[in-house]
Amino acid sequence: MSITRRIRTPIMHRAVEANGFVFVGGTIADDTSVPMGAQTENILGKIAGYLKEAGTDASRIVSATIFVTDLSHKKEMDAAWTRFFGEDLPARATVGVADLGGGALIEVVVTALKG
């Protein structure tokens with residue numbers, strides 16, 4: 001099995017390809033001062049870019065794990081999520097956490113099929 005790492009940061013690679021899948025590590029918004037919906041939209045756009053660089057796209061996302069600091073804003077996140085994915089929603093888990101650092105309200109991890 002080959003492993004291809006893409007988009008290096010000082011502490012990780014944003015995307016790792018292995019065995020027909022692309023794994024995208026935890027992604028937060030560029031501007032964490034905006035509301036949950038705007039953060040969600042920014043994150044999904046960034047993830048789409050990472051997937052494009054890996055030779056696939058967001059329609060191939062099969063699973064997502066979402067970490068949120070305030071579940072009372074879940075409806076706002078869900079609205080942005082469904083606007084982005086339409087009818088092709090991936091499997092998903094949403095987990096409430098105490099803190100994500102840097103003021104982030106949401107962090108998203110996804111797994112997509114290659115190709």
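A salt bridge is a side-chain nitrogen of Lys or Arg within 4 Å of a carboxyl oxygen of Asp or Glu. The structure in these views holds six salt bridges, and the model is a predicted one.

Figure 1. Read from the N terminus on, the elements follow the order β-β-β-α-β-α-β-β. The radius of gyration of the protein chain is 14 Å, close to the 13 Å that the globule rule gives for 115 residues, so the chain is as compact as a globular protein of that length. Taken along the principal axes, the C-alpha atoms fill a box of roughly 40 × 35 × 20 Å. Of the 115 residues, 32% count as buried. The accessible surface comes to about 6,100 Å², and 54% of that surface belongs to carbon and sulfur atoms. Among contacts between residues at least 6 apart in sequence, 67% join residues at least 24 apart.

**Figure 2. Helix 1 covers residues 36–53.** At 1.5 Å a residue, the 18 residues of helix 1 should span 26 Å, and the end C-alpha atoms are 26 Å apart, which agrees. The buried residues of helix 1 are Met36, Gly37, Gln39, Thr40, Ile43, Leu44, Lys46, Ile47, Tyr50 and Leu51. Among the elements that cover these buried residues are strand 1 (3–8), strand 2 (13–18) and strand 3 (21–27). The cover also includes strand 4, helix 2 (74–85) and strand 6 (106–113). Just after helix 1, glycine 55 takes a positive phi of about 85°.

**Figure 3. Threonine 40 is a buried residue of helix 1.** The relative accessibility of threonine 40 is 1%, and the residue counts as buried because the cut-off for buried is under 20%. Leaving out residues up to four places away in sequence, threonine 40 touches Met77, Ala80, Trp81 and Ile106. Helix 2 (74–85) and strand 6 (106–113) are among the elements that cover the buried residues of helix 1.

**Figure 4. Phenylalanine 67 lies in strand 4.** The relative accessible area of phenylalanine 67 is 25%, so this residue is partly exposed. Neighbours within four places in sequence are left aside in the contacts that follow. Phenylalanine 67 is in contact with Val95, Val97, Leu100, Leu105, Ile106, Glu107 and Val109. Proline 35 is 32 residues away from phenylalanine 67 in sequence, and the two C-alpha atoms are 15 Å apart in space.

**Figure 5. Four nonpolar residues make a surface patch.** The patch consists of Phe21, Phe23, Val62 and Leu113, and its area is about 280 Å². One of these residues, valine 62, has its place in strand 4 (residues 61–68). Valine 62 counts as partly exposed, at 33% relative accessibility. Residues in patches have over 30% relative accessible area, which means that valine 62, at 33%, passes this cut-off.

**Figure 6. Arginine 6 forms a salt bridge with glutamate 17.** The closest N and O atoms of arginine 6 and glutamate 17 are 2.1 Å apart. This pair links distant parts of the chain, with arginine 6 in strand 1 and glutamate 17 in strand 2, eleven residues apart. Arginine 6 is partly exposed, at 25% relative accessibility. Glutamate 17 is buried, with a relative accessible area of 9%.

**Figure 7. Glutamate 17 also forms a salt bridge with lysine 114.** In this pair the closest N and O atoms are 3.2 Å apart. The bridge again links distant parts of the chain: glutamate 17 is in strand 2, lysine 114 is in the segment after strand 6, and 97 residues separate them. Lysine 114 counts as partly exposed, at 30% relative accessibility.

**Figure 8. Lysine 74 forms a salt bridge with aspartate 78.** The closest N and O atoms of lysine 74 and aspartate 78 are 2.9 Å apart. Both residues lie in helix 2, four residues apart, about one turn of the helix. Lysine 74 is partly exposed, at 31% relative accessibility. Elsewhere in the chain, salt bridges that share partners join Arg6, Glu17 and Lys114 into one network.

Notes. Residues numbered from 1 in each chain as written. Predicted model: local features only at pLDDT ≥ 70, side-chain atom pairs only at ≥ 80, totals over all residues. Heavy atoms only, no water. Patch = residues over 30% accessible without salt bridge, like charges linked within 9 Å, V, L, I, M, F, W, Y side chains within 5 Å. Areas by Shrake-Rupley, 256 points an atom, 1.4 Å probe, with all protein chains shown as cover. Helix = DSSP H or I, 4+ residues; strand = E, 2+ residues; numbered from the N terminus. Buried < 20%, exposed > 50% of the residue type's maximum accessible area, 1.4 Å probe, protein only. Expected span 1.5 Å × (residues − 1). Contact = heavy atoms within 4.5 Å. Rg over C-alpha atoms; globule rule 2.2 N^0.38 Å.
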